[in-house]
Amino acid sequence: MANSYFQFKQFTICHDRCAMKVGTDGVLLGAWAASDKAPTRILDVGTGSGLIAIMLAQRFEHATVRGIDIDSDSVEQARENAERSPFGNRITIEESDFSKVTYLDVKYSLIISNPPFYKEETLGGDARRDSARHTCSLPFQTLIANATKMLDDEGVFAVIIPTAAANNFVAECAFNNLYLHRRLDIKTTPRKVAKRTMLEFGKRMHETEKAELCMRDSNNNLSTEYVRLTEDFYL
């Protein structure tokens with residue numbers, strides 16, 4: 001039976017009541033996003049267990065973080081995880097549907113999401129898990145359009161998605177006047193093709209920084225680059 005929690009260096013994530021558990025995608029995005037920025041107002045869309053929200057609160061000590069999710073049990077557990085962390089006074093977790101968002105009370109300097117990306121054809125019958133994993137709950141077009149409205153002029157929008165969907169996602173962002181600033185393609189080993197891609201956008205045109213990360217080296221050991229990226233979090 002899988003553990004009901006995941007221990008990081010400075011905080012613990014319980015995820016037994018969450019639709020989606022702690023995974024590598026979330027850790028990678030939380031460690032990578034806005035690495036050359038110092039965001040002060042952060043919105044985590046689809047916060048799940050609160051993992052990314054808490055990671056960003058650790059990385060950016062002057063930031064306030066708002067995490068939202070449509071799943072009430074996940075919201076409750078994410079709120080508990082945040083409150084138990086050393087950064088709880090700067091994190092707010094709310095039940096909210098970003099596809100129907102109407103609040104524009106504040107502009108964000110970082111909007112981040114590990115969004116659902118599976119197509120409806122792969123629905124598994126578990127309503128909560130399907131909602132967390134499938135684009136029917138938050139289509140990419142809606143995510144991008146609403147993120148554009150809520151991002152400040154100097155802010156960044158960061159996601160992790162399947163590599164196969166990356167080019168279309170970039171094109172949709174450009175249609176909404178969001179321009180690709182950084183792209184990191186992620187491979188499990190040097191001989192494998194990339195399966196995940198992290199993308200970062202802004203409202204101003206910018207030369208795109210492109211790179212590749214292998215999580216394991218040719219001997220199947222964790223790569224130096226992967227360890228360096230995640231060393232502030234993993235035990």
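This is a predicted model: local features need pLDDT of at least 70, side-chain atom pairs count only at pLDDT 80 or more; totals for chains, interfaces and linings use all residues.
Which residues in H5 meet which residues in H6? Residues are numbered from 1 along each chain as its sequence is written, and side-chain values use heavy atoms, with hydrogens and water left out.

The secondary structure of the protein comes to 7 helices and 10 strands, where helices (H or I, at least four residues) and strands (E, at least two) are DSSP runs numbered from the N terminus. Of the 235 residues of the protein, 49% count as buried; buried means under 20% relative accessible area, exposed means over 50%, and partly exposed lies in between, for a 1.4 Å probe and protein chains only. Among the contacts in the protein with a separation of 6 or more, 71% are accounted for by residues 24 or more positions apart, a contact being heavy atoms within 4.5 Å.

Phe-140, Gln-141, Leu-143 and Ile-144 in H5 meet Phe-169, Glu-172 and Cys-173 in H6. By class, this contact has 5 nonpolar, 1 polar and 1 charged residues, where Ala, Val, Leu, Ile, Met, Phe, Trp, Tyr, Cys and Pro count as nonpolar, Asp, Glu, Lys and Arg as charged, and the others, Gly among them, as polar. The axes of H5 (residues 140-150) and H6 (residues 166-175) come within 10 Å and cross at roughly 40°; such axes are lines fitted to C-alpha atoms, for helices over the stretch in contact, and angles run from 0 to 180 degrees between N-to-C directions. H5 and H6 are therefore oblique to each other, given that angles under 35 degrees count as roughly parallel, over 145 as roughly antiparallel, 65 to 115 as roughly perpendicular and the rest as oblique. Their crossing is right-handed, a crossing being right-handed if the near helix is turned clockwise from the far one by less than a right angle, and left-handed if anticlockwise.

The crossing of H1 and H2 is right-handed. On the H1 side the contact is made by Gly-26, Val-27, Leu-29, Gly-30, Ala-31 and Trp-32, and on the H2 side by Leu-51, Ile-52, Met-55, Leu-56 and Arg-59. These residues divide into 8 nonpolar, 2 polar and 1 charged. In helix H2 (residues 51-59), 8 of the 9 residues are buried, so H2 is largely enclosed by the rest of the structure; the buried residues include Leu-51, Ile-52 and Gln-58.

Lys-187 lies in strand S8 (residues 179-187) and, at 12% relative accessibility, counts as buried. The side chain of Lys-187 reaches the backbone oxygen of Pro-190 at 2.9 Å. Leaving aside neighbours within four places in sequence, Lys-187 is in contact with residues including Lys-192, Glu-212 and Met-215. Arg-66, in strand S4 (residues 64-69), is also buried, with a relative accessible area of 14%, and its side chain makes a polar contact with the side chain of Glu-94 (3.3 Å). A polar contact is a pair of N or O atoms within 3.5 Å; within protein, one must be able to donate a hydrogen and the other to accept it, and residues adjacent in sequence count only if both atoms are side-chain atoms.

Lys-9 lies in the loop between strand S1 (5-7) and strand S2 (12-14), and is partly exposed, with a relative accessible area of 46%. The C-alpha atoms of Lys-9 and Glu-231 are separated by 9.1 Å, although these residues are 222 residues apart along the chain, and the side chain of Lys-9 reaches the backbone oxygen of Glu-231 at 2.4 Å.

Finally, Asn-177, in the loop between H6 and S8, has a positive phi of about 65° although it is not a glycine.
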